[in-house]
Amino acid sequence: MSENKEKFHAPGTFTLAIIWFLWFVILYATNWLALSENWFLR
Amino acid sequence: MANNYASEFRTCETTGLKVHLPAERLFYVNAVVAVVCLLIGGIMAILIALTRWQAVHLLPADLFYRFVTAHGMNMLVFWIVFFEMAGLLFASTAVLGSRLPAPKFGWFNFLLMLVGAILTNIMIFTGEADVLFTSYPPLKAHPHYYLGIILFAVGALFACIHFMATLVVAKKEGYHKGSYPLFTFGILIAVILAFFTLLMGAGTYVPTWLWAMGFLENIEPGLYRLGFWGFGHAAQQINLAAMVSIWYLIGTLTVGAVPVNEKFSRGAFLLYLVGINVASAHHLLVDPGYSASYRIFNTSYIIYAATIGSMIHAFSIPAAIETAQRAKGFTNGLFEWLTKAPWGNPAFAGMALSIVIFGFGGGVTGVTQGVEQINIMAHNTLRLPGHFHVTVVGGSTLAFMSLTYYALPLVMRRKLIGAAFAKYQPWIFAIGISIMSTGMSFAGILGVPRRHYDISFSSAVFQVPFSATATTMMGLVGLGAIIAFVGLLIYCLIAALTAFFGERIPPKMELHYPPHAKEGAAAGAPAQA
Amino acid sequence: MSIFIPEKHWWKPLGPDEKLWFKICVATGLALFAMMPLWNLAGKQNPTHESYMVTPEQFNELTEKFVAENKVRDEVVKQKFGDAVIERRIPVVHPKPGVKDVYLRARAWEFYPILELDKGREYRVHMSSMDYQHGFSLQPQNINFQILAGHDLVVTMTPRESGNFYIICNEYCAIGHHTMIGKIIVKE
């Protein structure tokens with residue numbers, strides 16, 4: 001672990017939060033991709 | 001001043017909290033009625049799920065829609081709000097060590113809510129109100145259906161006023177000094193959100209009631225939707241604030257977690273206050289009549305203020321638990337604090353599962369489907385029930401259930417009956433709900449509509465070929481619902497048996513799972529003066 | 001402790017992990033917020049439709065006129081009522097060249113008429129309800145809009161695939177809700 005990590009008082013939680021964040025980004029991006037293939041709507 | 005009421009208090013042996021007995025009795029009845037509503041809603045839920053599972057297709061069409069109405073009302077309104085009323089009483093009296101200023105007023109509110117709930121349920125089950133939870137005009141129910149909801153909402157509004165009055169009394173009579181504890185602060189935010197919600201509810205249901213009685217000619221459907229969701233969606237934000245407060249509370253009760261930074265957590269609650277209620281526009285994204293800027297501003301919870309709030313809580317609650325666990329010596333690696341957590345304690349397991357389900361399921365789907373454009377692919381499909389069953393059921397309801405496992409021994413002073421089952425109950429319920437919501441979400445992505453009796457369209461002019469995957473997903477919904485229903489039954493049984501037949505806990509007796517709050521009671525004890 | 005009174009001075013600086021997480025939160029919020037206006041400018045799928053007030057009678061007239069002028073044939077369909085099977089004729093409408101405005105009437109429990117559209121051509125689809133609230137849910141495209149009585153919702157739509165598409169009503173509209181279904185045919 002880097003020195004920066006040692007100063008964290010909740011490194012485990014931070015790791016979990018980043019995992020959550022990646023999951024959200026994947027889900028969000030997938031939805032936009034699916035939308036972009038739909039019919040043109042205005 | 002407080003001395004006049006000294007005989008009405010008892011001191012909780014576990015937490016050192018002073019409990020006002022009239023408030024405790026009111027807490028008791030609210031919680032019991034809440035569990036009864038949960039049970040009614042749960043029975044409706046399993047019947048609906050087994051109908052939507054096309055291979056089983058249990059109910060006839062009219063009963064299906066009637067039971068969907070009953071399910072929505074009993075779960076989303078009656079169970080949740082009755083439980084929250086109990087939560088309000090706990091947060092304002094026990095946590096602050098205060099007396100309840102007007103117990104009779106409290107009973108009056110409770111009876112108003114009870115009469116309203118019973119009236120509405122009678123109307124639904126006698127077939128006078130097959131209008132579903134939303135009762136979109138021109139669908140018209142019996143006037144008493146709306147009257148029941150109005151009575152319930154007025155009772156809840158009075159209870160919120162009573163909560164505010166308790167805070168005033170607590171300060172004025174010296175029960176409480178200094179800042180509010182974080183739990184009370186969070187519940188206070190929920191109550192402020194509730195004022196907005198209930199006023200929107202009155203503004204929607206009163207004209208609709210007048211219309212149902214024939215005093216008004218017409219209810220504009222678009223306007224009704226705007227008002228209804230100002231009530232219906234905002235009501236869920238009360239649950240959110242209450243649920244997050246309960247997460248903090250259970251963190252404290254189970255592992256002695258201290259909020260890592262009060263400023264951080266309280267700021268996040270304030271972000272809820274600022275941004276969350278405008279999210280009712282999520283329901284109006286593909287409605288006629290709204291401009292793009294209206295939709296973008298409102299559905300984004302005002303530039304995602306509330307989302308930032310939730311993300312802060314999502315960090316700060318586990319961080320509080322991690323810090324508390326590390327202080328106990330679980331410092332190896334990144335995750336020893338988590339693996340060595342008290343997973344055998346149903347309250348802890350329930351809270352942890354609730355956070356995971358809400359965060360990984362409810363939050364991300366809500367923020368995604370609430371995007372102005374993505375909502376085109378989600379509106380009124382099963383993706384929506386897929387979303388709110390992981391927020392309101394996997395999140396709020398599971399958190400409320402977890403709290404019950406503390407409320408029973410602490411507030412009701414009864415020894416838990418079936419503690420061995422309680423250990424597994426959160427897991428069963430969580431797994432069931434997760435399977436069910438996953439099924440719903442994927443079925444919705446494949447286009448399956450919500451609130452629909454027959455997706456094989458056997459009596460329609462065209463038969464839509466839904467893919468085999470969609471049908472399988474509906475089977476998954478049924479399967480998940482069965483598992484979750486088992487979890488719900490175990491919960492209701494434990495709660496009811498303990499509340500009525502549980503062995504009384506004598507003073508000084510240790511609970512069956514170790515409470516960790518004792519040191520805290522000594523250190524930061526509420527004002528005893 | 002979340003149930004006990006915090007110490008007097010609880011306004012303290014954030015730790016390093018909280019600071020970093022807060023930055024991520026704010027950046028996420030801004031990015032999510034930016035997506036919606038950006039897609040309105042650059043994206044092709046936006047619900048920024050027009051809408052007008054219209055009475056059911058007016059909309060009914062518009063629909064009947066549109067059907068009379070552009071009808072190409074009737075489609076005979078069968079519907080089960082308990083044990084009985086009845087035959088119904090629903091007009092199929094193919095907008096003539098130059099006709100951009102297309103009308104779709106929702107009523108308990110039918111979508112009227114059947115639309116026959118050309119792939120890649122832009123249409124202004126008008127939708128309104130004669131009675132209850134209805135839902136326009138085009139499958140398998142999964143395009144969903146809300147149809148209300150008194151509102152003429154105009155969605156400018158360009159079909160990108162050919163084939164048969166179905167419109168499911170996905171807003172509860174009383175007991176026959178699950179029999180309400182319409183059809184759009186897209187030709188090459």
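Residues are numbered from 1 along each chain as its sequence is written, with chains lettered from A and ligands numbered from 1 in the order in which they are written. In this predicted model, local features need pLDDT of at least 70 and side-chain atom pairs count only at pLDDT 80 or more, while totals for chains, interfaces and linings use all residues.

Me: Why is Tyr304(B) called buried?
Reply: A residue is buried if 20 or more other C-beta atoms lie within 10 Å of its own, exposed if 12 or fewer, and partly exposed in between, with C-beta atoms placed from the backbone. Tyr304(B) has 23 C-beta neighbours inside 10 Å, so it counts as buried. Tyr304(B) is found in helix H9 of chain B, and its phi is positive, about 60 degrees, although it is not a glycine.

Me: What makes Asn142(C) count as buried?
Reply: Asn142(C) has 21 other C-beta atoms within 10 Å, and is therefore buried. Asn142(C) lies in the loop between E8 and E9 of chain C. Its phi is near 60 degrees, a positive value in a residue other than glycine.

Me: What makes E2 and E9 of chain C edge strands?
Reply: Strands (E, at least two residues) and helices (H or I, at least four) are DSSP runs, numbered from the N terminus. Two strands pair if DSSP finds at least two bridges between them. The open sheet has seven strands in the order E2-E3-E6-E12-E11-E8-E9 (chain C), with mixed pairing. Strand E2 (71-81) and strand E9 (143-147) of chain C each pair on one side only, and are the edge strands.

Me: How do you know that E3 and E6 of chain C pair?
Reply: Two bridges join strand E3 (residues 84-93) to strand E6 (residues 114-118) of chain C, and the definition asks for at least two, so they pair. The two strands run parallel, and Val92(C) stands opposite Ile114(C) in E6(C).

Me: How many residues of chain C are in contact with chain B, and what makes a contact?
Reply: Two residues are in contact if their C-beta atoms, placed from the backbone, lie within 7 Å. By that rule 63 residues of chain C are in contact with 68 residues of chain B. H1(C) gives the largest share of the side of chain C that touches chain B, 13 residues.
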